[in-house]
Amino acid sequence: MPVLERRISDWDDAYANSPHIVGSDDLPDLWATRAKTFRDECSAEGRARLDIAYGERPRNRLDLFLPRGESAGLVVFIHGGYWMAFDKGSWSHLARGVVESGYAVAMPSYTLCPEVRIADISREVGAAIAKAADLVAGPVMLTGHSAGGHLASRMVSATTPLPPSVQKRIRNVVSISGLHDLRPLMATGMNDTLHLDEAEALAESSALLRPMAGARITCWAGGGERGEFLRQNALLANVWTGLGAATAAVVEPDRHHFSVIEGLCEPGHALTRTLLG
C-alpha cells in the first residue's frame with residue numbers, strides 16, 4: 001500500500017492567507033465601512049455601548065451591541081489578525097445575525113504583540129468576557145476568527161483565565177478558522193513579533209490542553225482555507241473528543257479564510273444558529 005507523505009517546507013506560506021485570496025487587499029476597507037454602518041445604526045437606536053473599559057491598557061475596551069427588547073444572553077466575538085493586527089472596530093457588522101436573533105454581542109479589542117505576549121492576550125480576553133458577562137445576564141456563547149478562534153477555544157480549556165462564575169455560564173463555543181496548536185508558528189517570520197517559545201506554545205495551545213468540564217465546541221472552517229487551517233480545525237475537535245468534550249468539526253463549502261465569517265451577519269445562517277446552540 002502506498003504511503004502518502006506530507007511535509008511542509010515553507011511555514012510562512014502555509015499560514016499566509018491574503019496572497020491566496022483574490023481581492024484581499026480591498027477587504028480591510030470594506031470591513032471597516034460595513035462595521036461603521038452597523039455601529040451607526042445601533043447607536044442611532046440606543047443599542048450600542050462603545051469603548052467600555054475592562055482593564056487599564058489603552059486597548060482594553062469593548063463594544064456592546066444590544067438587541068431590540070430584552071436580551072436572551074451574551075455572545076462574545078474575538079477578532080483575529082495573528083495577535084498582531086486589527087481591533088474591535090473592523091468587525092461590528094458581524095454582530096448583526098446574533099443581535100437580530102435576540103442576543104447581545106460584546107466585541108473586545110486587546111493589546112497586540114509584540115507589546116505583550118499571547119499569554120497576556122489570553123488573560124486580557126478573559127477579563128473582557130468577565131466584564132461583558134457582568135453587563136448581560138443569561139448564557140454566554142464565545143466565538144472568534146483565526147487568532148480569535150484560538151482565544152475562544154483557550155477560554156474553555158482547563159487552564160482558562162475565566163472566573164468560575166463565568167465558566168458556569170458558558171453554553172457553547174464556535175472557533176472559526178482557529179489556530180489550536182501554536183508550535184508551527186514558531187517556524188514562521190511572524191515569530192519575530194510573537195516571540196513564541198516552546199513553553200508558551202505548550203501552555204497556550206488549546207489542542208495541547210484539556211477542555212474544561214462540560215466544554216462544548218464546534219470548529220468551523222471554510223472549504224477553501226489553506227491546508228494548515230483545515231488541519232488545525234480538525235485537530236482540536238479530534239483531540240478534545242477524546243478528552244470528554246462535546247465537539248464537532250464543520251467545513252463550509254465555497255468559503256475561504258475571510259469569507260467564512262460572513263455567515264455571522266445573517267440570523268438564519270448555519271454558523272449563527274450553531275453558535276447560539
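User: Which residues of β4 are buried on one side, and which on the other?

Analyst: Buried means under 20% relative accessible area, exposed means over 50%, and partly exposed lies in between (1.4 Å probe, protein chains only). Helices (H or I, at least four residues) and strands (E, at least two) are DSSP runs, numbered from the N terminus. In this predicted model, Ala104, Ala106 and Pro108 are buried on one side of β4, and Val105 and Met107 are buried on the other.

User: Which strands are joined to β4, and do they run parallel or antiparallel?

Analyst: Two strands pair if DSSP finds at least two bridges between them. Strand β2 (residues 61–65) is joined to β4 by 4 bridges, and the two run antiparallel. Here Phe65 stands opposite Val105 of β4. Strand β3 (residues 74–78) is joined to β4 by 3 bridges, and this pair runs parallel. In that pairing, Leu74 stands opposite Ala104.

User: What is to be looked for in the backbone angles?

Analyst: Most residues other than glycine have a negative phi, and most peptide bonds are trans. In this chain, Asp51 has a positive phi of about 60° although it is not a glycine, and Asp51 lies in strand β1 (residues 48–53). Tyr82, also not a glycine, has a positive phi of about 55°. Tyr82 is located in the loop between β3 and α3 (96–99) and is buried, its relative accessible area being 12%.

User: Which peptide bond is cis?

Analyst: The bond from Cys113 to Pro114 is cis, with omega near 10°. Pro114 belongs to the loop between β4 and α4 (118–135).

User: Is helix α5 mostly covered or mostly exposed?

Analyst: Helix α5 (residues 147–154) is mostly covered, as 8 of its 8 residues are buried. Among them are His150, Leu151 and Arg154.

User: What surrounds Asp12?

Analyst: Contact means heavy atoms within 4.5 Å. Leaving aside its neighbours within four places in sequence, Asp12 is in contact with Thr188, Gly189 and Met190. Asp12 lies in helix α1 (residues 11–14) and is partly exposed, with a relative accessible area of 41%.

User: How is the chain as a whole to be described?

Analyst: The chain has 10 helices and 8 strands. Its radius of gyration is 18 Å, close to the 19 Å that the globule rule gives for 277 residues, so the chain is as compact as a globular protein of that length. The radius is taken over C-alpha atoms, and the globule rule is 2.2 Å times the number of residues to the power 0.38. Of the 277 residues, 54% count as buried. Among contacts between residues at least 6 apart in sequence, 77% join residues at least 24 apart.

Methods
Residues are numbered from 1 along each chain as its sequence is written. This is a predicted model: local features need pLDDT of at least 70, side-chain atom pairs count only at pLDDT 80 or more; totals for chains, interfaces and linings use all residues. Side-chain values use heavy atoms; hydrogens and water are left out.
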